[in-house]
Amino acid sequence: MLSSKKILVADDDRGASVLLTARLRALGYDVGPVAATLEEACDRAVRELPSAVMLSLSLVDGIGGGFGAVRGQFAMPVVFIAPLVTAG
């Protein structure tokens, strides 16, 4: 069974993940330590069974065989986070 309010955040951008984690906790979600790699996110998703995953696109390098398989097995929603790129 999936946890009802647990969110797994996977992002290699420390600053962005700190802000996102703080915001999610302020909204009442249970957010553990941030996964910094796709492999870590997959391992933790299998172990922790979060209700959703917020996954940075910067970690996705062929999601079909990686996180896609985990998501399909447990039917958890995945929200993709796009990094902000500024000119200059």
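Predicted model: local features only at pLDDT ≥ 70, side-chain atom pairs only at ≥ 80, totals over all residues.
**Figure 1. Helix H1 from end to end.** H1 takes in residues 14-26. How far apart are its end C-alpha atoms? They are 18 Å apart. At 1.5 Å a residue, the 13 residues of H1 should span 18 Å, so the two values agree. The helix lies across S1, S2, S3 and S4. H1 runs at about 170 degrees to S1. Helix H2 packs on the sheet as well, where it touches S1 and S3. The direction of H2 makes about 165 degrees with that of S1.

**Figure 2. The whole chain.** The protein has 3 helices and 4 strands. In what order do they come? From the N terminus on, the elements run β-α-β-α-β-α-β. Of the 88 residues, 36% are buried. The protein exposes about 5,200 Å², and carbon and sulfur atoms supply 59% of that area. Now take the contacts between residues at least 6 apart in sequence. Of these, 67% join residues at least 24 apart.

**Figure 3. The sheet.** Strands of a sheet pair through backbone hydrogen bonds, either parallel or antiparallel. Here 4 strands form an open sheet, and the pairing is parallel. The order across the sheet is S2-S1-S3-S4. Which strands stand at the edges? They are S2 (residues 30-31) and S4 (residues 78-81). Each edge strand has a single partner, so one side of each is left without a neighbour in the sheet.

**Figure 4. Strands S1 and S3 side by side.** S1 covers residues 6-10, and S3 covers residues 52-56. The two strands pair in the parallel sense over 4 bridges. Which residue of S3 is the bridge partner of Val9? The partner is Met54.

**Figure 5. Leu8 and its surroundings.** Leu8 is found in strand S1. Is Leu8 buried or exposed? Leu8 has a relative accessible area of 2%, so it is buried. Leave aside its neighbours within four places in sequence, and Leu8 is in contact with Ala35, Ala41, Arg44, Ala45, Pro50, Ala52, Val53 and Met54. Leu8 and Leu55 are 47 residues apart in sequence, yet their C-alpha atoms are 8.2 Å apart in space.

**Figure 6. Lys6, a buried lysine.** Lys6 also has its place in strand S1. Why does Lys6 count as buried? The relative accessibility of Lys6 is 16%, and buried means under 20%. Not counting residues up to four places away in sequence, Lys6 touches Asp30, Glu48, Pro50, Ser51 and Ala52.

**Figure 7. Ser56 in strand S3.** Ser56 belongs to S3. With a relative accessible area of 2%, Ser56 is buried. Which residues does Ser56 contact, leaving aside its neighbours within four places in sequence? They are Ala10, Asp11, Asp12 and Ile81.

**Figure 8. Leu49 in a loop.** Leu49 lies in the loop between helix H2 (residues 38-48) and S3. Most residues other than glycine have a negative phi. Leu49 is not a glycine, but its phi is positive, at about 50 degrees. Is this loop residue buried or exposed? At 19% relative accessibility, Leu49 counts as buried, because the cut-off is under 20%.

**Figure 9. Pro77 and Pro50.** Pro77 sits in the loop between helix H3 (residues 67-74) and S4. The relative accessibility of Pro77 is 42%, so this proline counts as partly exposed. How far is Pro77 from Pro50? Their C-alpha atoms are separated by 9.3 Å, and the two prolines are 27 residues apart along the chain.

Conventions:
Residues numbered from 1 in each chain as written. Heavy atoms only, no water. Buried < 20%, exposed > 50% of the residue type's maximum accessible area, 1.4 Å probe, protein only. Contact = heavy atoms within 4.5 Å. Pairing = 2+ DSSP bridges. Axes fitted to C-alpha atoms, helices over the stretch in contact; angles between N-to-C directions. Areas by Shrake-Rupley, 256 points an atom, 1.4 Å probe, with all protein chains shown as cover. Expected span 1.5 Å × (residues − 1).
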